[in-house]
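Thanks for coming, everyone. I'll walk you through one structure today, going from a loop to some charges, rings and packing. Let me put it up on the screen.

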Amino acid sequence: MVKGRLMIIDGNSLLHRAFHALPPLMNKDGVYTNGVYGFLTMFYKVTEEYKPDYISVVFDKKAPTFRHIEFEDYKAGRAKTPNELGMQFPILKEIIDNMKIHRVEAEGFEADDLAGTLSKFGEENGLEVVLVTGDKDYLQLASDKTKVLLTKKGITNMEVYDKQAVIERYELTPQQFVDLKGLMGDKSDNIPGVPGIGEKTGIKLLKEFESIEGIYDNIENIDSKKLKEKLIEYKNQAIMSRRLSEIITSVPIKVTLDKLILEEPDTQELLNIYKKLEFNSLLGKLNSSKEDNKKDGLKTERLASKVNIINRKENLEDILQEIDKSKSFIIKFIIDGDYPLKDDILGVCIRPSENLNYYVDFVEEDIRIEDFFSIFKVVLEDDKFKKLGHNIKEEILVTLRYGIDLKGIAFDSMIGQYLLNPSQNDYSLKILAKDYLNINIDSKENLLGTGKNKKTFGQLLIDDRVLYITNAIEVISRVKNIIEELIMSQNMNELFYEVELPLISVLANMEYEGFTVDAGKLVELGKEFDSKIDVLTKSIFEFAGEEFNINSPKQLGEILFEKLKLPIIKKTKTGYSTNAEVLEKLTEVHPIAEKILEYRQLVKLKSTYVDGLISVIDESTGKVHSSFNQTITTTGRISSTEPNLQNIPIRTEEGRKIRKVFTPSSIDYVLVDADYSQIELRVLASISDDPKLKEAFFTGEDIHRKTASEVFDVSIEEVTPLMRSRAKAVNFGIVYGISDYGLARDLKISRKEAKIYIDNYLKNYVKVKEYMKSIVDEGKSKGYVETILHRRRYLPELASRNFNIRSFGERMAMNTPIQGSAADIIKLAMVNVYSELKKRQLKSRLILQVHDELIIEAYKDEVEEIKILLKELMEGAISLNVPLKVDMETGDSWYDTK
């Protein structure tokens, strides 16, 4: 009688398969995650389907096994595990441990030996055994009690083998499968076998003689003279190969059924890990139905001891009197939604001093928001009154709607916490209350609910709104001194008070101003794309000889590989792969592939950028009002969402056409685009103080041609376009801490060749190499690295015992001061440009920042003044050991400026 089900997962095999099956995904910290994500996808699929009672995940150890000792060339020639994969093993193991799943690895043995031993243990204890792997060697373990789930192409498609299925597929028993491997050998493991014997011959021999021993006992009965001679010549090799191929089922590991029981996971810890890795689609797999305060044991509290609800217009003067005494106040609006530029403003809470909270309600009380702003306008626009808040950009956006320029931003707890921990996933006041005050407050989700029963703030009673907003104000008040002291202790005062806080107003005004989109041109561009899509569609149908759904991978695969008989490059769980990589290879074989690539590009441009932009144009302004975020990236870069204006295509001519629809708001304006030239390489030259790198920037040489000359050891005149292109990849690769694996992938060259490029670069730019070593040493010593303005990034990876994790930390240590300093510089420039425009009372305005580029909507009479202003302020934003250079263009559309 079966007493339960034991599932054994080959950790190495599944992680490898997932890594190679999925594109190189990474989170915002630059940690590669595709292998772990794919593994978990497979894990959840098989555990949900098979519902094991017991489970174990087995791993290889790095140390040589008994097979290496017996055969020195065992697995020789295998490519070294890429760092991008190696760094994911410790992450996966941490997840498995937090899942409370039995995990085992043993020196001298491989994962399949451990799986074999556990499989035998399971059978002996009356369990049904399920082995999950991508390794066909496991088929020898199949039996009446043990199934092998063998991954096929992709990450979710699996073949199930029990004893009978092995016999049907190979006409051999699972035990004979080992003999087959002994005869055939295994190229992936460098097991030699008998040269010239493949699967077909091996199966034929074993069907007749049952085993390798049987073959040699009856060697004279083999008809083929050539085959007989081969078998005799390589007898010892065949026997050794069989021994190397056989999975050991008696590894001396201590295991009991209790250790294998599938226990309740540490859900909260997994939730934290998944959020950090940005596995949002997997969060639903965790049992997160329990309330947060039950998990953390914290009591939910109401913090504000006294709240004065203002219900008469004349009482607003009371607040002004208190503000005049304190000269500062915390302010927070309640917005009936997530969009402060449009959604209703329901109320505002103001805290001018300790234990004194005022709430002004615009819903149930007889005060209009216009009344509030008419009375508070002077205080709000006077920077001698300091304003404090959390995500205070929302408050600035609200005031801008009513013609008020909120000045005197002196503290923002969200921005402060971001500087202290740029890797944090959640900067909400609920999290700050937990982290700093050890208390729980009701979150927005707690009050409003989720799903179809979700409410709005406008549907809540005034008491609930007051509770929510006053708790928020109280947390800001209590964490302010803590956060400011930490910022001061970490030497980030200048960064916080002179860059990040002033930047809030800059970004809010950019959001408010928006970027005009010519809807008519956008519609015309959509029609142009549709017309080209129609032409391409007809061309594809002509090549195919029939009409079909080009957007269907299944139908497309059938056309390409069954009807047109094109070579099959890759398969997926649903059939043939028709991804871009496959199609690019097929362009050399058939013209239909190139047409499909063009078709897909145009369809994406049409749906994402034409249809997508049309849907977010504000009807009242004719503009798109993107959200600019300060707290998303660990490097300090600003991000843009809804829509993402930093992602408008530029690499292809069709993509660049999208920029034609971005225009000035009237004929009185033009666009001025100012772009830092190679700012990250200039920062690298300055930080490293490398004379060769600095020389190029002082003389104005083409840095990529110069690097090509150094790396390829040729004169500047001999540098070819291909050399320059590859040198450019190396230049920027060095900045981003690229590995030989990553460079090889990007340039489509061998890892050996990529390593030569990197080594030659570092040999020529000696100070860069010295910088890389010194900054890693500094990171290991301090636990963090800094930008020019002391923006920190903590790197616990540098202390890891795991080589791959440590290598990742080293790359981040090299890269962060460069990328982060470039982010600091563009932010300084934005603050200075915005302030100067205000100071001079110019009509021109800053409307967009994209990476190292600023776009000004310039009043035509001010264009020359704007150009001089931009050049001075951007090139003089900070003092480096090399000059900063800004390239500028003007035009009647964004397209014209590039």
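Let's start with Pro643, which sits in the loop between β18 (639-641) and α28 (653-656). When I say helix or strand, I mean DSSP runs numbered from the N terminus: H or I over at least four residues for helices, E over at least two for strands. The bond between Glu642 and Pro643 is a cis peptide, with omega at about -5°.

Before I go on, some housekeeping. This is a predicted model, so local features need pLDDT of at least 70 and side-chain atom pairs count only at pLDDT 80 or more, while totals for chains, interfaces and linings use all residues. Residues are numbered from 1 along each chain as its sequence is written, and side-chain values use heavy atoms, with hydrogens and water left out.

Lys327 isn't a glycine, yet its phi is positive, at about 65°. You'll find Lys327 in the loop between α16 (316-326) and β8 (328-335). Lys565 is another non-glycine with a positive phi, about 60°, and its place is the loop between α25 (553-563) and β14 (571-572). Buried or exposed, then, for Lys565? Lys565 counts as exposed, because its relative accessibility is 65%; the cut-offs are under 20% relative accessible area for buried, over 50% for exposed, and partly exposed in between, with a 1.4 Å probe and protein chains only.

Back to Lys327, because its relative accessible area of 34% makes it partly exposed. Its side chain meets that of Asp324 in a salt bridge, 3.7 Å from N to O. The rule there is a side-chain nitrogen of Lys or Arg within 4 Å of a carboxyl oxygen of Asp or Glu. Asp324 is partly exposed too, at 42%.

How many salt bridges does that rule give? The count comes to 58. One of them pairs Glu370 with Arg368, with the closest N and O atoms 3.9 Å apart. Another joins the side chains of Arg726 and Glu753 at 3.3 Å, N to O. That pair links distant parts of the chain: Arg726 is in helix α32 (residues 721-735) and Glu753 in helix α34 (residues 751-764), 27 residues apart. Arg726 counts as buried at 18% relative accessibility, whereas Glu753 is partly exposed at 29%. There's also a network, where bridges with shared partners join Lys61, Lys93, Asp97, Arg103 and Glu105.

Lys93 turns up again, over the face of Phe59, 5.0 Å from the ring centre. To call that, NZ of Lys or CZ of Arg has to be within 6 Å of the ring centre and within 35 degrees of the ring normal. Lys480 does likewise over Phe411, at 5.8 Å from the ring centre.

Now rings with rings. We get 23 aromatic pairs, meaning Phe, Tyr or Trp rings (the six-membered one for Trp) with centres within 6.5 Å; planes under 30 degrees apart are stacked, over 60 edge-to-face, and the rest tilted. Take Phe373 and Tyr402: the centres are 4.9 Å apart and the planes at 25°, so that pair is stacked. Phe373 lies in helix α17 (residues 369-381) and Tyr402 in the loop between α18 (393-401) and β12 (409-412), so the pair ties together parts 29 residues apart in sequence. Phe373 is buried, at 4%, and Tyr402 is partly exposed, at 28%. Next, Tyr761 and Tyr765 have centres 4.7 Å apart and planes at 40°, so they're tilted. Both of those tyrosines are buried. Phe373 and Tyr402 also belong to one aromatic cluster, together with Phe333, Phe362, Phe372 and Phe376.

Last stop, packing. Helix α31 (residues 703-712) is mostly covered, with 8 of its 10 residues buried. Among them are Ile703, His704, Ala708 and Val711. What do the buried residues of α31 pack against? They pack against α29 (679-688), α30 (691-699), α32 and α34.

Setting aside neighbours within four places in sequence, Pro195 touches Lys230, Tyr234 and Gln237, where contact means heavy atoms within 4.5 Å. Pro195 is partly exposed, at 29% relative accessibility.

That's my tour, so over to you for discussion.
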